[in-house]
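Please keep the sequence and the structure in view while reading.

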Amino acid sequence: MHTFKSQFPAPTGATGYDTLIVGAGFAGSVIAERLASQAGQRVLVVDKRPHIGGNAHDRHDDAGLLVHPYGPHIFHTNSAEVFGYLSQFTEWRPYQHRVLASVDGQLLPMPINLDTVNRLYGLSLSSFEMDDFLARVAERVDGVRTSEDVVVSRVGRDLYTKFFRGYTRKQWGLDPSELDASVTARVPTRTSRDDRYFTDTHQAMPLHGYTRMFERMLAHPNIHVMTGTDYRDIVHLLPWKHMVYTGPIDTFFDHHHGQLPYRSLAFEHVTVQPPAGQATVQPVGTVNHPNDHLYTRVTEFKHLTGQRHEATSLVYEYSRSQGDPYYPVPRAENTQLYRRYEADAEALSDVTFVGRLASYKYYNMDQVVAQSLATFKRMVQP
Ligand SMILES: Cc1cc2nc3c(=O)[nH]c(=O)nc-3n(C[C@H](O)[C@H](O)[C@H](O)COP(=O)(O)OP(=O)(O)OC[C@H]3O[C@@H](n4cnc5c(N)ncnc54)[C@H](O)[C@@H]3O)c2cc1C
């Protein structure tokens, strides 16, 4: 049996908090906002980072350009509920993300579409002809299990090698043949010329940035926010009745079943002056580098934010095995290990686990918002 209560005896008192929320990212902020505004609760949100917003935090850099310190975050969702909910706290700037991959000396649309194939091979196929082309080059795979299986069975070995294999190896430190099918199953192939990275109904960026949106979510007078604070440093000191935990689930349980593997990232932010007459240095928001350079991709923020400025800021992303936990590593044995922590979590009645790291799942922002809204409803059910 877990001894959470005896490890962290939670003093309660008339002036205490109803809920202590660990993490001021999407998961923690949505639940804090709902508990305060809809359930009249007194809520304390703590985050060990010196700011709110979690990985979606943005800020102005020294040059005054709005950047995402933890990598580019592009908002997209098919959920009217999620979009409507967040719209209470921000106006939006319509934005459709586009990605090019640097392959064989060309910048080609990613996900692979009709133009990618035509330009790569010097062809002039129509959409119908591209269907036939893919059917010819696709490899037959009995029982698609790995990421490699997914891609070679869809687009064949050459496109797989040029666009996916190197990128996946860099990103995960593993060959696609060692990764779950789910990793690349999310990337579509199009026989049209549609070069948008996402096709969701709602694609937009918070008009004044994510941090401003989080500030408005957490502005309720019943919400107190403590940044730069690890919850373990205050958990004994402040009175609270229930905890919502949005950090890594294995850390919460002191890794007692072993460490869940996460992939980390190093970000190199640079600000440069575009050539005369140009506002940007890249033709689109993100350029992927599957085969050249040590970094995986480069994102230029002005495309995302629409900011007018004489300079421009970019972020280069390098994958790492050590560092802050960013991506759960999708392998069957990791899911099994997570299930053991999940069982421990379910046995605790005074703690609710929610969010990307607590669920050990690759969730986009909108999925975390949806999960948090659903979790709030369950928490306040009589
Ligand atoms: C490089 C990158 C790019 C991404 N791009 C996109 C994108 O384009 N579109 C999209 O929809 N999604 C994107 N995502 C996913 C998005 O970041 C997540 O869905 C979202 O941020 C998850 O919110 P969360 O609240 O679950 O977790 P987080 O944002 O990670 O928040 C958890 C918080 O808990 C805090 N915490 C942990 N432990 C403690 C502790 N002991 N004490 C106090 N605080 C603690 C952490 O400091 C953190 O701030 C991207 C993710 C990454 C890594």
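## Basis and domains

Into which domains is the protein chain divided? Domain 1 is made up of residues 4-52 + 218-260 + 329-380, and domain 2 of residues 99-185; these bounds come from an automatic or database domain assignment. The model is a predicted one, in which local features need pLDDT of at least 70 and side-chain atom pairs count only at pLDDT 80 or more, while totals for chains, interfaces and linings use all residues. Residues are numbered from 1 along each chain as its sequence is written.

The C-alpha centres of domain 1 and domain 2 are 39 Å apart. Four residues from domain 1 and five residues from domain 2 form the contact, two residues being in contact if their C-beta atoms, placed from the backbone, lie within 7 Å. On the side of domain 1 that touches domain 2, three residues are nonpolar, none is polar and one is charged; in this classification Ala, Val, Leu, Ile, Met, Phe, Trp, Tyr, Cys and Pro count as nonpolar, Asp, Glu, Lys and Arg as charged, and the others, Gly among them, as polar.

## The annotated region

An unreviewed UniProt entry lists residues 162-362 as "domain: UDP-galactopyranose mutase C-terminal"; UniProt positions are given in the numbering used here, feature names are shortened, and annotations may be inferred rather than shown by experiment. Over residues 162-362 the chain is 27% helix and 23% strand, with the end C-alpha atoms 25 Å apart. Helices (H or I, at least four residues) and strands (E, at least two) are DSSP runs, numbered from the N terminus.

Helix 2 covers residues 26-39, and its 14 residues reach 19 Å from the first C-alpha to the last, close to the 20 Å expected at 1.5 Å a residue; the expected span is 1.5 Å times one less than the number of residues. Eleven of the 14 residues of helix 2 are buried, so this helix is largely enclosed by the rest of the structure. A residue is buried if 20 or more other C-beta atoms lie within 10 Å of its own, exposed if 12 or fewer, and partly exposed in between, with C-beta atoms placed from the backbone. Among the buried residues of helix 2 are Phe26, Val30, Ile31, Glu33 and Arg34. The elements against which the buried residues of helix 2 pack include strand 1 (17-22), strand 2 (43-46), strand 11 (240-245) and helix 14 (365-380). Just after helix 2, Gly40 has a positive phi of about 65°.

In helix 14 the end C-alpha atoms are 23 Å apart, which agrees with the 22 Å that its 16 residues should span at 1.5 Å a residue. Its buried residues are Met365, Asp366, Val368, Val369, Gln371, Ser372 and Phe376, and they pack against helix 2, strand 5 (76-77), helix 3 (80-86) and helix 13.

## Around the ligand

The ligand is surrounded by 32 residues, of which the closest are Gly23, Gly25, Gly54, Gly247 and Gly355; a residue is near a molecule or strand if its C-beta atom, placed from the backbone, lies within 6 Å of it. By class, this shell has 15 nonpolar, eleven polar and six charged residues. Helix 2, helix 13 (356-359) and helix 14 each supply at least two residues of the shell.

## Loop residues

Which residues does a cis peptide bond join? The bond lies between Met110 and Pro111, with omega about 5°, and Pro111 is found in the loop between strand 8 (106-110) and helix 4 (114-121).

In the loop between helix 10 (249-252) and strand 12 (262-272), Asp254 has a phi near 50°, a positive value in a residue other than glycine. His255, in the loop between helix 10 and strand 12, has a phi near 55°, likewise positive in a residue other than glycine. Asp254 counts as exposed because it has 8 C-beta neighbours inside 10 Å, and His255 counts as exposed with 12.

Is His68 buried or exposed? His68 is buried, with 25 other C-beta atoms within 10 Å, and lies in the loop between strand 4 (66-67) and strand 5. Leaving aside neighbours within four places in sequence, His68 is in contact with Asp58, His73 and Phe301. His68 and Phe301 are 233 residues apart along the chain, and their C-alpha atoms are separated by 7.9 Å.
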